[in-house]
Amino acid sequence: MERPRHQGMAKNTCMRWRLPLVCLLWEVAMIVLFGVFVRFGAEADAHWEEEKREMNLTSDIENDFYFRYPSFQDVHVMIFVGFGFLMTFLKRYGFGAVGFNFLLAAFGIQWALLMQGWFHSFKNGKILIGVENLINADFCVGSVCIAFGAILGKTSPIQLLVMTLFQVTLFSVNEYILLNLLHVKDAGGSMTIHTFGAYFGLTVTRILYRPNLEQSKDKQGSMYHSDLFAMIGTLYLWMYWPSFNSAISDHGDAQHRSAINTYCSLAACVLTTMAFSSMLQKKGKLDMVHIQNATLAGGVAVGTSAEMMLTPYGSLIVGSISGIVSTVGYVYFTPFLESRLHIQDTCGIHNLHAMPGLIGGIVGAITAAAATEDVYGKEGFIKAFDFTGVYQTRTPSIQGGFQAAGIVVSLLMAFAGGAIVGGILKLPIWGDAAAENCFEDDVYWEVPEDEESDSYHMHNPDKPASP
Amino acid sequence: MERPRHQGMAKNTCMRWRLPLVCLLWEVAMIVLFGVFVRFGAEADAHWEEEKREMNLTSDIENDFYFRYPSFQDVHVMIFVGFGFLMTFLKRYGFGAVGFNFLLAAFGIQWALLMQGWFHSFKNGKILIGVENLINADFCVGSVCIAFGAILGKTSPIQLLVMTLFQVTLFSVNEYILLNLLHVKDAGGSMTIHTFGAYFGLTVTRILYRPNLEQSKDKQGSMYHSDLFAMIGTLYLWMYWPSFNSAISDHGDAQHRSAINTYCSLAACVLTTMAFSSMLQKKGKLDMVHIQNATLAGGVAVGTSAEMMLTPYGSLIVGSISGIVSTVGYVYFTPFLESRLHIQDTCGIHNLHAMPGLIGGIVGAITAAAATEDVYGKEGFIKAFDFTGVYQTRTPSIQGGFQAAGIVVSLLMAFAGGAIVGGILKLPIWGDAAAENCFEDDVYWEVPEDEESDSYHMHNPDKPASP
Amino acid sequence: MERPRHQGMAKNTCMRWRLPLVCLLWEVAMIVLFGVFVRFGAEADAHWEEEKREMNLTSDIENDFYFRYPSFQDVHVMIFVGFGFLMTFLKRYGFGAVGFNFLLAAFGIQWALLMQGWFHSFKNGKILIGVENLINADFCVGSVCIAFGAILGKTSPIQLLVMTLFQVTLFSVNEYILLNLLHVKDAGGSMTIHTFGAYFGLTVTRILYRPNLEQSKDKQGSMYHSDLFAMIGTLYLWMYWPSFNSAISDHGDAQHRSAINTYCSLAACVLTTMAFSSMLQKKGKLDMVHIQNATLAGGVAVGTSAEMMLTPYGSLIVGSISGIVSTVGYVYFTPFLESRLHIQDTCGIHNLHAMPGLIGGIVGAITAAAATEDVYGKEGFIKAFDFTGVYQTRTPSIQGGFQAAGIVVSLLMAFAGGAIVGGILKLPIWGDAAAENCFEDDVYWEVPEDEESDSYHMHNPDKPASP
């Protein structure tokens with residue numbers, strides 16, 4: 001199979017020194033910063049025995065670990081297997097999908113622990129971490145995985161690391177503005193994770209627009225088994241989404257409620273996705289692209305409101321609508337975005353994360369604005385929206401307004417941040433591939449030359465049938 | 001690859017209007033019914049703060065969420081990834097296996113929440129749901145996934161939805177009879193889920209008998225990678241079965257015991273399956289069909305008794321036997337059922353669910369009948385069998401009798417229900433494919449035309465070698 | 001495809017009577033031994049109600065089940081899906097990888113429950129088991145899965161069962177020496193699981209050295225989709241490793257801390273692995289072998305110290321170093337071991353388990369020796385190292401010395417045990433395949449003759465193109 005490839009001629013995609021340099025420098029920086037700043041929180045520190053006595057806790061089971069660790073592991077699976085395998089649908093980009101997702105997420109969680117730590121867990125000059133920080137770091141990286149979906153197959157690993165660095169930073173700032181300054185509720189991250197992550201990624205891919213991408217059009221499709229690999233990602237995202245939306249909710253009823261709302265929303269979403277997938281195809285056949293993606297929109301769309309008293313039927317309504325919007329998006333919006341707006345969105349994150357994220361933010365604002373003491377109970381009302389201290393006087397309708405403001409801020413941060421980061425990624429030093437080599441693992445990976453690869457070339461009309 | 005296919009001539013399999021209509025009407029009905037009936041249970045409601053005080057609970061960790069949520073997620077994975085991928089073993093039906101399983105399960109859990117809710121969680125005109133309801137809904141749908149295994153590759157998605165609608169209904173009635181009227185114990189569902197689901201499915205497939213199915217015989221086998229995909233399903237079912245059998249057991253020792261018994265039974269089952277798989281083949285080679293399926297029989301066969309004092313060695317015995325019965329079933333019974341009784345059982349659910357389910361029911365009856373206060377302790381005895389209120393005077397041997405009656409009721413419900421539903425599914429309006437198009441994703445799915453597909457046709461003797 | 005194969009001529013690999021005999025005899029022995037010895041521990045026994053009252057426990061949530069079951073399930077997934085799929089990277093040995101791993105692990109956990117039970121849970125003539133025993137049995141079998149990695153593709157299933165029998169026995173003895181006699185801490189098993197398991201396996205593969213193995217060199221590589229299957233294994237090991245290292249730590253802060261340290265170590269490890277994988281290839285392309293394996297070294301290397309006050313930055317350092325060592329090992333050591341020392345290490349366990357295991361043991365010794373009451377708190381210090389009873393007077397530096405002794409003992413047990421077991425496995429009665437049939441599922445499995453297989457042969461230059 002010694003067949004000349006032209007990638008080297010057009011662009012220098014060799015990572016040999018650039019990638020190691022970035023990774024190693026970065027890891028050294030992490031070690032130094034962790035050394036200076038990061039310590040165990042009280043519940044993970046060996047002094048916990050004393051802490052327990054001071055707090056009058058009678059049992060180790062009161063450690064936050066037991067409230068959140070199972071949810072953390074589910075979220076962890078969503079980030080690494082869920083997002084990683086969801087993107088393996090491309091016929092020759094499976095290594096890049098799983099491998100680069102692995103790289104950027106492992107890179108990002110370290111930086112997220114620091115960034116989020118400085119904003120939220122900083123005490124006496126130290127960042128004190130526990131299981132909730134791990135979940136939040138995974139969440140933050142989730143928004144990068146979403147953005148990765150838009151540029152999948154078109155960027156070098158270094159570009160992904162640079163984007164991760166900036167996006168995690170901006171995510172943390174945006175999150176701080178929403179949660180701390182605007183006092184917005186967003187446990188499942190419809191705004192902070194999905195809306196921000198998706199519009200950030202869409203802006204980046206717009207800036208990186210490749211006019212000649214049709215040169216690799218034949219590789220932008222899936223093959224039979226790559227679609228099955230992608231379904232592994234889909235199902236793990238779908239199944240564990242109740243854990244995602246409930247992972248950092250308040251202990252007790254809030255976690256419980258978030259899981260139920262998300263479960264209901266996702267179930268409804270599958271039905272409307274299947275319905276519209278069939279309806280919008282000439283022959284009525286189902287399209288795996290929709291099943292792999294739009295079925296998840298229900299999880300995104302209750303991200304903000306799942307911990308509120310959305311109620312099961314409210315969740316069904318939100319899930320149903322988001323499945324329809326997402327599927328319609330794949331059929332009509334994605335081609336439009338590409339041809340008219342020059343937004344090349346490989347995975348269709350506009351349909352899975354951007355629009356459902358907006359829906360989620362809006363539903364959250366409405367649900368908050370409609371909250372009453374009658375529905376929540378007096379104590380439950382205060383606890384659910386954290387109307388204590390300076391927020392004691394906030395009313396539901398004001399809260400709804402702030403929730404809506406949170407959407408706007410997230411959008412502005414995403415557009416501005418995406419534009420800047422897109423500009424940085426356009427510099428010709430990052431080693432991205434030429435248009436004809438996009439969506440091809442061969443550029444950055446040692447790829448085994450197997451039978452499938454043989455037969456691939458064999459049936460490729462414009463290449464000779466055999467060596 | 002524009003090659004004429006004949007499916008359209010024989011039967012109209014186009015789903016374009018039928019499937020969307022069914023899905024959307026159904027989802028609207030669900031929204032209305034949930035709106036009228038379904039509310040959060042006390043532990044998921046924002047009033048939980050007050051509830052906690054009334055019940056003198058000092059910690060949020062007492063919320064049922066923390067007792068059951070990890071098990072719920074394991075069960076959830078079993079239903080969607082476990083059953084879904086287990087059925088991907090067919091070489092060209094992976095989309096249908098995973099995708100239709102996804103569709104029917106998402107459809108079924110909503111209806112199950114209502115049906116089971118009316119029977120078990122109905123208070124003051126409302127169904128109050130919590131994490132246990134989610135588990136039970138997944139369980140109920142599990143019985144549909146089992147039945148799906150018998151008709152895999154031979155039915156349209158609409159037929160599956162119709163079957164789901166009726167089977168969930170009948171399941172809930174049968175479950176109510178067993179658990180409430182007969183006061184039978186069946187935490188892991190040997191009777192309610194496996195025996196009922198399997199004989200229901202076998203009856204349906206008998207009614208839907210296709211005399212010309214050998215026309216698609218070449219597609220009924222597996223291929224190398226489809227067998228590996230199926231092993232993902234197998235292993236997740238196998239690993240999480242201890243969670244399945246313990247998910248709705250009483251808090252404390254009962255959950256703990258169920259998990260241990262199931263773990264032991266499954267371990268033994270693997271060994272006897274491997275032994276008989278090798279022994280029953282002329283050349284002594286292992287057969288993936290057995291490894292994928294019969295290794296799971298041990299989980300089915302302790303479904304009723306796992307929460308009882310079956311003991312670890314009792315579990316090993318039950319697991320060993322069920323592995324043998326199941327493997328022998330695949331080698332001898334399945335061909336017999338097909339040729340003599342005209343029962344075409346695609347996945348061999350008779351061997352994996354029906355026979356082990358019966359074993360499970362019987363073992364449960366014996367274990368219950370053999371219970372003594374000595375073994376359980378005075379309090380443990382009452383708690384384990386819930387011998388309180390009107391059941392205060394029930395003795396172990398009477399309980400054993402009722403357990404046995406539960407098997408019979410489940411069988412009768414399965415046969416009667418399966419016959420009726422099979423009859424309904426025989427109507428010529430549901431869009432099922434002709435015999436020569438069974439086990440082929442192409443009928444209902446947009447299938448990428450990839451290399452494998454090419455080479456598939458290339459080596460297909462009765463088709464031209466290249467376009 | 002009736003093509004003569006020569007395996008039968010060289011060696012008798014037929015398992016028809018040998019494998020069933022071993023499996024069935026063994027299972028009968030297990031049933032008898034479990035019948036005599038194994039009973040439910042107090043927390044899984046129906047007498048738990050009385051136990052609870054005696055121990056003044058007010059809630060069922062205090063049952064160890066709720067502290068450890070989620071971690072147990074994660075470990076369970078690591079053993080069966082993690083190790084099983086990690087080894088599917090070979091192009092034609094996926095059935096053997098997943099299937100034999102399944103067989104030996106199911107076989108081993110039963111024997112481990114007994115062996116470890118006699119050493120650690122033996123009371124009044126009975127072994128009393130609970131969820132912690134299940135975790136420990138899985139751990140023990142983990143060391144066999146590691147050793148399996150060295151001999152993957154070169155042994156018969158019977159050899160694997162014989163090895164499992166002996167290795168579990170020796171593991172339990174070694175573990176007893178370390179934990180009970182030396183009073184060493186090793187919650188994540190850097191020494192007991194990884195160092196022991198890996199050097200045991202390497203010794204066995206050295207004894208079983210096959211001089212003509214290059215005859216099956218073409219099957220020792222991966223193919224595109226087998227590499228993706230392997231990534232499923234990799235990611236589940238990587239994601240759940242925090243559960244592995246924390247599963248049997250003390251309740252409360254120790255479990256919490258172990259998870260955080262492991263999370264940090266693994267994140268760092270991914271970055272240095274990617275860096276060196278790219279750096280050490282001529283063209284700077286990433287190698288899936290490294291990504292699949294070396295990224296996990298960080299979990300191994302904090303196995304001993306994760307529950308100690310290693311601190312997050314300490315974890316980053318350990319993870320970074322182990323990723324480098326492991327990747328360098330794959331590039332330079334593995335070829336050296338094979339050509340010079342005749343150690344044929346199929347999966348490179350020397351790089352993933354042996355060296356990182358040693359690092360883990362050493363880091364554990366240093367961390368223990370450096371412990372102070374200031375860092376741990378007075379009570380925390382005693383609790384962390386269990387300095388009670390006869391160990392009341394042990395100082396950190398003495399503990400460090402014992403930890404180091406634990407490494408040496410594990411190594412000696414591994415070399416001696418591996419040599420003996422390797423000798424036993426060399427007997428010509430176990431049905432292993434000839435060198436030219438290694439790494440080939442066809443020998444022990446019914447393999448579907450699918451398209452890929454066809455095209456495989458088609459492109460195989462020394463075979464005719466079509467039947």
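This is a predicted model: local features need pLDDT of at least 70, side-chain atom pairs count only at pLDDT 80 or more; totals for chains, interfaces and linings use all residues.
1. Overall make-up of chain A. The secondary structure of chain A consists of 18 helices and 3 strands. Its radius of gyration is 23 Å, close to the 23 Å that the globule rule gives for 467 residues, so chain A is as compact as a globular protein of that length. Along the principal axes, the C-alpha trace of chain A spans about 75 × 55 × 40 Å.

2. Interior and contacts. Of the 467 residues in chain A, 69% are buried. Among the contacts in chain A with a separation of 6 or more, 82% are between residues 24 or more positions apart.

3. The 3 strands of chain A form an open sheet with mixed pairing, in the order E1-E3-E2. Its edges are strand E1 (38-40) and strand E2 (122-123) of chain A, each of which pairs on one side only. E2(A) is joined to strand E3 (residues 126-129) of chain A in the antiparallel sense over 2 bridges, and here Lys123(A) stands opposite Lys126(A).

4. The sheet of chain C. In chain C, too, there is an open sheet of 3 strands with mixed pairing, and its order is E1-E3-E2. Strand E1 (38-40) and strand E2 (122-123) of chain C each have a single partner strand, so one side of each is left without a neighbour in the sheet. The pairing of E2(C) with strand E3 (residues 126-129) of chain C is antiparallel and has 2 bridges, with Lys123(C) opposite Lys126(C).

5. Strand pairing in chain B. Strand E1 (residues 38-40) of chain B runs parallel to E3(B) and is joined to it by 3 bridges, and Val38(B) has Ile127(B) as its bridge partner. Strand E2 (residues 122-123) of chain B instead pairs with E3(B) in the antiparallel sense, over 2 bridges, and Lys123(B) stands opposite Lys126(B). E2(B) and E3(B) form a hairpin with 2 residues between them, and Asn124(B) in the turn has a positive phi of about 50 degrees.

Note on methods:
Residues are numbered from 1 along each chain as its sequence is written. Chains are lettered from A and ligands numbered from 1 in the order in which they are written. Side-chain values use heavy atoms; hydrogens and water are left out. Helices (H or I, at least four residues) and strands (E, at least two) are DSSP runs, numbered from the N terminus. The radius of gyration is taken over C-alpha atoms; the globule rule is 2.2 Å times the number of residues to the power 0.38. Buried means under 20% relative accessible area, exposed over 50%, partly exposed in between (1.4 Å probe, protein chains only). Contact means heavy atoms within 4.5 Å. Two strands pair if DSSP finds at least two bridges between them.
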